[in-house]
Amino acid sequence: MKNPDNAIPFTPATTAARRYQTVHFLNSVNEFGQLLPDIGREAAFAGRSNAGKSSALNLLTGQRQLARVSKTPGRTQMINFFEVEPDRYLVDLPGYGYAQVPEAIRRHWGALLERYLRERQALCGLLLLMDIRHPLTDLDQRMLDCCVARELPAHILLTKADKLSRGAAGAALQQVRKALKTDYLHATVQLFSATTRQGVEEAHARLDEWLGY
Ligand SMILES: Nc1nc2c(ncn2[C@@H]2O[C@H](COP(=O)(O)OP(=O)(O)O)[C@@H](O)[C@H]2O)c(=O)[nH]1
Ligand SMILES: [Mg+2]
């Protein structure tokens with residue numbers, strides 16, 4: 001299996017690809033009070049640690065090292081802001097669900113994450129990453145519940161789609177879609193792979209929509 005970490009950044013063929021290729025790191029925050037002023041528009045990336053969030057962020061921006069693809073799950077423990085242009089941001093939220101993180105730290109991050117999702121006015125949409133082989137865990141559903149509470153759009157990337165056959169991936173997609181229909185009417189879902197680059201344009205389109213492009 002090809003290692004997505006070593007994938008060559010794609011040649012930006014679309015307007016969106018060119019736009020996100022100039023995204024750059026702005027700052028890291030670990031307290032709610034340190035967040036940038038709550039103005040403008042931002043799209044946040046969330047998911048269990050190891051779901052493929054860093055790989056997706058790198059692929060969507062065409063940058064190999066933007067979010068460090070961690071070999072150690074649970075290491076990315078800050079809210080990282082990336083600037084697309086002034087007042088347009090991509091926000092990398094700390095990965096959740098990593099068992100080996102000490103309880104006190106896990107609680108701190110859980111609370112920060114929930115508060116950010118509930119209160120942040122600049123937040124226009126949540127890109128929620130789930131390993132296609134383990135979608136909609138309890139913690140994923142808690143994230144979606146936060147979105148429902150304030151009618152925030154959520155878009156799910158079923159990551160590592162290359163790990164399943166085309167048929168199995170399609171079946172997983174339908175299953176998640178069906179589950180969303182009952183509980184999360186405003187959430188959408190797509191297949192994604194940082195290895196094969198499947199789903200990049202669809203994900204860009206959703207980010208564009210949220211950031212007002
Ligand atoms: N096969 C495959 N592996 C992936 C994909 N995306 C990420 N990975 C691997 O999954 C592991 C976790 O990825 P990473 O992006 O660090 O996940 P994060 O913890 O959510 O940021 C790494 O070993 C990646 O190489 C993908 O689309 N396909
Ligand atoms: Mg990461």
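Which residues does valine 189 touch, not counting residues up to four places away in sequence? In this predicted model, local features need pLDDT of at least 70 and side-chain atom pairs count only at pLDDT 80 or more, while totals for chains, interfaces and linings use all residues. Residues are numbered from 1 along each chain as its sequence is written, and chains are lettered from A and ligands numbered from 1 in the order in which they are written.

Valine 189 touches Ile156, Leu158, Leu173, Val176, Arg177 and Leu180, with residues up to four places away in sequence left out. Two residues are in contact if their C-beta atoms, placed from the backbone, lie within 7 Å. Valine 189 belongs to strand β7 (residues 187–191); strands (E, at least two residues) and helices (H or I, at least four) are DSSP runs, numbered from the N terminus. Valine 189 is buried, because 23 other C-beta atoms lie within 10 Å. A residue is called buried if 20 or more other C-beta atoms lie within 10 Å of its own, exposed if 12 or fewer, and partly exposed in between, with C-beta atoms placed from the backbone. A distance of 9.6 Å separates the C-alpha atoms of valine 189 and leucine 127, which are 62 residues apart along the chain. Isoleucine 156, in turn, is in contact with Leu128, Met130, Val176, Ala187 and Val189, leaving aside its neighbours within four places in sequence.

The chain as a whole was examined next. The chain contains 6 helices and 7 strands, and from the N terminus on its elements run α-β-β-α-β-β-α-β-α-β-α-β-α. Its C-alpha atoms fill a box of roughly 45 × 35 × 35 Å along the principal axes. The radius of gyration, taken over C-alpha atoms, is compared with a globule rule of 2.2 Å times the number of residues to the power 0.38. For 213 residues, a compact globule would have a radius near 17 Å, and the 16 Å of the chain agrees with this. Of the contacts between residues at least 6 apart in sequence, 74% join residues at least 24 apart.

Of the 213 residues, 38% are buried. In soluble globular proteins, nonpolar side chains tend to be buried together. A nonpolar core is defined as a set of buried Ala, Val, Leu, Ile, Met, Phe, Trp, Tyr and Cys residues joined through C-beta atoms within 7 Å. The largest such core has 54 residues, and those with the most contacts inside it are Ala44, Phe45, Leu126, Leu128, Ile156 and Leu158. Strand β5 (residues 123–131) supplies the largest share of this core, 6 residues.

Helix α2 (residues 53–61) is largely enclosed by the rest of the structure, because 9 of its 9 residues are buried. Among these buried residues are Lys53, Ser54, Asn58 and Thr61. The elements that cover the buried residues of α2 include α1 (15–21), β2 (41–47), β4, β5, β6 (154–159) and α6. Glycine 62, which follows α2, has a positive phi near 65°.

Helix α6 (residues 200–211) has 12 residues and reaches 16 Å from its first C-alpha to its last, close to the expected 16 Å; the expected span is 1.5 Å times one less than the number of residues. Its buried residues are Val200, Ala203, Leu207, Trp210 and Leu211. They lie on the same side of α6, because they cover an arc of only 95° around the axis. This arc is that of the directions from the helix axis to the C-beta atoms. An α-helix has 3.6 residues a turn, so residues three or four places apart point the same way. Glycine 212 follows α6 and has a positive phi near 80°.

Strand pairing requires that DSSP find at least two bridges between two strands. Strands β1 (residues 24–29) and β3 (residues 79–85) run antiparallel and are joined by 5 bridges, with valine 29 opposite isoleucine 79 in β3. Strand β3 is also joined by 5 bridges to the antiparallel strand β4 (residues 88–92), in which valine 91 is the bridge partner of phenylalanine 81. β3 and β4 form a hairpin with 2 residues between them. Aspartate 87, in the loop between β3 and β4, has a positive phi of about 70° although it is not a glycine. Aspartate 87 counts as partly exposed, with 15 C-beta neighbours inside 10 Å. Arginine 197, in the loop between β7 and α6, also has a positive phi, near 70°. Arginine 197 is partly exposed, with 15 other C-beta atoms within 10 Å.
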